[in-house]
Every structure is written in C-alpha cells, then in structure tokens.
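Reader: I would like a close look at a single part of this model. Please keep it brisk.

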Amino acid sequence: MDKLKLTAFVLLTLGIIFDGILILFFLLSISSLIILSIRRVDVIRVFLSAMLIGFLFEKLGLTTGFPFGHYAYYFPPYLLGVPVFVIFGWGIFSYISYLPVMDFPFKYRVLFFPILMVIIDLSVDPIMVTAHYWTWISTYPNWYGIPLTNFLGWYLVSFIISLTSIRTKEMKNSYIIFLITYFLFSLKFLIFAKPQLIGPLSIATSLALLISIIIFVFNRLIVKKG
C-alpha cells in the first residue's frame, strides 16, 4: 500500500476509534479525505455533493415528510432547520461508504453504495432516537420505532448521491482495504451499544459484515477478469 493511501486509512481508522468525541471523529475523517483527494478528486466531489443533496432532502423531509417520513430534530446547531452535524454526517457516511467501491465500474458503484449507506443508518437512527436527538411520528411497518420509509428514503438519496461518482477516467488502484474502516464503523456502534440497542445494532453489524464479504469477493472477481 502506498504512503498516501496508508495515511488516509490510518487517519480514518483513528477517527472511527475515537468517534465518541464527535469533533475529533470529523476532524480526522476530513483530514483523511483531504489527503486522499490529492490523488482522487472524486472523493471530494462525492463528499460535497452528499452534504448538499443530503441537506436539500432533509429540508424537504422536514417540510413535507418526503422521502423519509415525518420527524423532528432536537440536535443544534441548525442550518435552516437541519442540524449541521446531520449535514456533515451525510458527507462523512458517504465518504466511508464510497471508499471500498470507488474503483468499481460505475454500474456497480451505484449498486453497492446505497446499500452500504442504508446499513449505516440501520445503526445510526436507533442510536440517535434513543438519545432523543430526533423523534419520529412512527408508522407501521417500522424498524425499532423508525418507519421503513426512512430507509427507503436513505436508499433513494444515496442512489442520487452515487450518480455524482461519474469519473472522466477509470482508476485501477484498488481501495478495497477500506472495507475494514467501513465494517469497523458499524462494529463500533455495537461495541458501545446501550442494552436496549443490542438487537438492532447486532443485525446492522451482521449486515455490514455480510455486504463487506460480498464486496470483497466481487472485487476479487473483477480483478481476475481484468
């Protein structure tokens, strides 16, 4: 592994390990992104587009209930009613989800990226609802009190974000090692879970492991064909 990729990997891993300190997590993650963007401009584009698209759909969701469902935030500071950390969250989660698949052909990036994003939200939403950072007007069917429309909305928004990953040329330097950071990110939620969250976070972490294995095997198949 080259030094630039290794530095970005280490910084992101440290950020995830210390994600209990939210500011430190964001700083280390952004540092990782900036270093990696020296070679890969597409990571900056996906990060920025994710924050913008995520913000626009969050604002739409708060106003109309589409596409996530009806909910309310209690998580200042806000930008036009949307928590600033939620906006950054769309960017960081997209960065973490994009890294393992960013050298896949476009049709496979748009296939896997939204799935990776939804699996992250299967952990994040129960944690934040339990901490009372936001509340839902829940409808059935739901995932531990969170309407399934939320996850369908996450898939839709993440799919739209994935469309911004178009590149002018295909890259050949595989970043599959970042599956480790993706799975570690999900695993951290489970390790520090409150007792009432063990159930949903165990399922989410298991799904994160499963999709990581699938992507790893898929990557090996692509390499062999190449």
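Predicted model: local features only at pLDDT ≥ 70, side-chain atom pairs only at ≥ 80, totals over all residues.

Is S37 buried or exposed, and what is its relative accessible area?

Author: Start with S37. It sits in the loop between helix 2 and helix 3. S37 is buried, because its relative accessible area is 17% and the cut-off for buried is under 20%. Its contacts, leaving aside neighbours within four places in sequence, are V43 and I44.

Now helix 2. It covers residues 22-36, 15 residues in total. At 1.5 Å a residue, helix 2 should span 21 Å. The buried residues of helix 2 are F25, F26, L28, S29, S32, L33 and L36. What covers them includes helix 1 (3-17), helix 3 (41-64), helix 4 (84-98) and helix 7 (179-191).

Next, the surface. L6, V10, L14, I17, F18, I21 and L24 make a nonpolar patch of about 550 Å². Helix 1 gives the most to this patch, with 4 residues. One of the patch residues, I21, lies in the loop between helix 1 and helix 2.

Last, the record. An unreviewed UniProt entry places the feature "transmembrane region" at several spans, including residues 6-36, 43-66, 78-98 and 175-192. In the model, residues 78-98 are 71% helix and 19% strand, with end C-alpha atoms 26 Å apart. Residues 175-192 are 72% helix and 0% strand. There the end C-alpha atoms lie 28 Å apart.

Terms used
Residues numbered from 1 in each chain as written. Heavy atoms only, no water. UniProt positions renumbered as here; feature names shortened; annotations may be inferred. Helix = DSSP H or I, 4+ residues; strand = E, 2+ residues; numbered from the N terminus. Expected span 1.5 Å × (residues − 1). Buried < 20%, exposed > 50% of the residue type's maximum accessible area, 1.4 Å probe, protein only. Contact = heavy atoms within 4.5 Å. Patch = residues over 30% accessible without salt bridge, like charges linked within 9 Å, V, L, I, M, F, W, Y side chains within 5 Å. Areas by Shrake-Rupley, 256 points an atom, 1.4 Å probe, with all protein chains shown as cover. Salt bridge = Lys/Arg side-chain N within 4 Å of Asp/Glu carboxyl O.
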